[in-house]
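Subject: Handover of a structure and its findings

Dear colleague,

Please find the structure below. My notes on what was found in it follow directly after it.

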Amino acid sequence: MAGAKAAVFREKLTGYLRAQLSRLEAAHGRDSAEYRALALQYAKSPLEDRHAGRGERERHYESEVHIHYDGKPLRGVERLYRRTILIEPTTVCAAHCRWCLRGQYPLFSLSEDDIVRAARYCGSAPVRDDLREILITGGDPLMVPQRLEFIFTQLRAHAPNILIYRIGTRVPVQDPERVSKDLLGILRAAAPAKIEIGTQVNHPSELTPEARQAYAALYEVAFKIYDQTVLLKGVNDSVDVLSRLYDDFRYMGIEAHYLFHCIPMKGMAHHRTSVRRGLELMQDLTSSGAFSGRAKPMYTVMTDIGKVSLYHGVILERNEDDEVLLQTRYRVEDFKRRNPSWKAPASAQPDKDGTLRVWYPDGADDGPAEAAHEKR
Amino acid sequence: MRKIFLNSVLASEIAAFLKRKLHGADLAVYGPCAAGQPTDNCMIYVEDVRALPVSALKKTADVLVLCPRPVPRGAPCSSIATPTPKIHFIDAVNKFFTRPIAAQIHPRAVIEEGAKLGRNVSVLAGSYVGPDVEIGDDTTIFQNCVVTGRVRIGARCVIKANSTIGSEIFDFVYEDGAWQQVPQVGRIIIGDDAWFGANSTIEKGALTDTVIGPGVKVDDLVQIGSGSIVGKDSIIASGSVLCREVTVGTRCWIAPHVSILERRRIHDGSVVGLGAVVIADVPKGATVAGNPARTIRRRKG
Ligand code: SF4
């Protein structure tokens, strides 16, 4: 939740993930890339407790603009873009991904009353003229199918203008059993609205037969599944891993959408590569004929003003604080139009023509991905 | 009928639903567990705080306990205090972790023309429903049952697999050197919310009706003889036999493997102990046991 204070980020794994870790350990050993690819994603590391580095945020950028409806603020709802609204029915995830700020959100879930009001808002004039899509995130919405079903019924009743229900989930790779017949029935019942699934897989070893089956089942009810991988040091910062991963997506019909540079959050430095490393990897992937051009993601960083996709030339300069200056096409006037009280964050500076440049804290390729004693 | 549903809810939501207070930290609950075998993110109930499985709880994370008193601070779980832990546990499980199974008439069930089925009736594979049968709303007949003759079953009843309701009755007179079957014109009338275990049989009445009151729960392997009457909310446990035209009052408790001789009356609120052979009427509110059954406790007051 925007503005919510961070709670202790304890380790949380599902039984399925524990079983996968034992399986990978037995098959490949604890030092293997396969085992570490999963362990680094979920095992709490002492490196997380290091002090925040320069430029690292306690909390990630999020719009603090609250939507008011009927004189009261709407809980758990944010207007993302003109056509899209975001709703977070829960902050519960099946497992805690170590680099993700969301796992630190305090426990919260929307009440039925909150949901009814959100749905009424979506279908109210003049909002309904613009709104076509709802992004349901969290937490992981597939953890709360009953709530999801309620959201769908309310949207159908109050906001038929919403044509796409987009759901962000990692349940297929964390607890695939939850992609059950009941859940699929609930998703299917969203019709005539369409279901789109956004997911995140970071290493091919996550795509077990169970996970593949879960994605295949979701494809029976979703018109699209897309992926946003996070570039993680020691997990997938190699051409070999990424090309295997994107190859797998290709054959599973999963669209490669973003390859995100890991966000500059406190306690996550050991997960972050440099921005340049990502660019090199992208070039190896996209300009080597290694695999289908249909399977290429957009390499993107999350800055204080929004997402910026990286190409050579986007990085303008680097300062002594190890921040890189990125050229964006965000415009001050667009922000102001959406929110008249908008002020550019300190990291952003407008150009003569009104476009913004933004400083983004870089990661480092030389530091360890895990504490020395974690390697056994 | 309900089945398990993979969901997750916050302990605070369960507390709000039960209109009780949550003691301890909020947590995500994934489903119910037996008290002695908690897993991470589960909900259990205990009737007594002293029965708390403390050592098992220390090995698990995020357990919610429903119990008569709040679990003391520092315990390895959160709790909701309620005077009726089991009932509230059932309510919460039904609300959050199970869903009704959609009604279905299985393609390999036989429903004869003339049978009248209410809304949401399920008849599962291999079952037969005769032409003179009437079944109330939301009743489920599991696999391989036979329901035939003039039978009326109420709403929300459950008939478990391999049971026979109706059909021929075991009632003969010896005449002219052979056994003659008595006329079989009675009906079977079953009230709402009755429940029959697997492999149970209910005979139709010869001349009078066999009547099972509302809310009666009958365990597996029970036989209810022709023309018997079982009163509202009585319980008949596994393996018991009611011979012909037995009358059981309301809220009686018939323990496993009881035999009741024909035409005997078990009056309201009485208890028949394990394996008893009842050859005489049982007075109201009494407890009987043994072979032959003797009164071991009379109704108080
Ligand atoms: S499942 Fe998604 S929201 Fe939850 S911790 Fe992982 S990446 Fe973050």
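B:Ser163 touches B:Asn144, B:Cys145, B:Val146, B:Gly197, B:Ala198, B:Asn199 and B:Ser200, leaving aside residues up to four places away in sequence; a contact means heavy atoms within 4.5 Å. This serine sits in the loop between strand E18 (158-159) and strand E19 (164-166) of chain B. Helices (H or I, at least four residues) and strands (E, at least two) are DSSP runs numbered from the N terminus. B:Ser163 counts as buried because its relative accessibility is 1%. Here buried means under 20% relative accessible area, exposed over 50%, and partly exposed in between (1.4 Å probe, protein chains only). The side chain of B:Ser163 also reaches the backbone nitrogen of B:Ser200 at 3.0 Å.

This is a predicted model, in which local features need pLDDT of at least 70 and side-chain atom pairs count only at pLDDT 80 or more, while totals for chains, interfaces and linings use all residues. Residues are numbered from 1 along each chain as its sequence is written, chains are lettered from A and ligands numbered from 1 in the order in which they are written, and side-chain values use heavy atoms, with hydrogens and water left out.

Chain B as a whole has three helices and 38 strands. Its C-alpha trace spans about 80 × 50 × 30 Å along the principal axes. Of its 301 residues, 47% count as buried.

Next, the interface. In chain A, 21 residues are in contact with 18 residues of chain B. The two chains bury about 1600 Å² between them, 44% of it on carbon and sulfur atoms; buried area is the accessible area (1.4 Å probe) that two parts lose on being put together, summed over both. In chain A, the residues that lose the most area to chain B are A:Gln146, A:Arg178 and A:Asp182, together 36% of what that side buries. The rule finds four salt bridges across this interface, a salt bridge being a side-chain nitrogen of Lys or Arg within 4 Å of a carboxyl oxygen of Asp or Glu. The side chains of A:Arg10 and B:Asp62 meet in a salt bridge at 2.4 Å, N to O.

Salt bridges are also found within the chains. In chain A, A:Asp334 and A:Arg337 form one, with their closest N and O atoms 2.9 Å apart. These two residues are separated by about one helical turn, because they are three residues apart in helix H11 (residues 332-338) of chain A. A:Asp334 is partly exposed, with a relative accessible area of 25%, whereas A:Arg337 is exposed, at 62%. In chain B, the side chains of B:Asp209 and B:Arg187 meet in a salt bridge at 2.8 Å, N to O. That pair links distant parts of the chain, 22 residues apart.

Helix H2 (residues 33-42) of chain A is mostly covered, with eight of its ten residues buried. Among the buried residues are A:Tyr35, A:Arg36 and A:Tyr42. Their cover includes helix H1 (15-28) and helix H6 (171-174) of chain A.

Yours sincerely

Note on methods. Polar contact = N/O pair within 3.5 Å; in protein donor to acceptor, adjacent residues only side chain to side chain.
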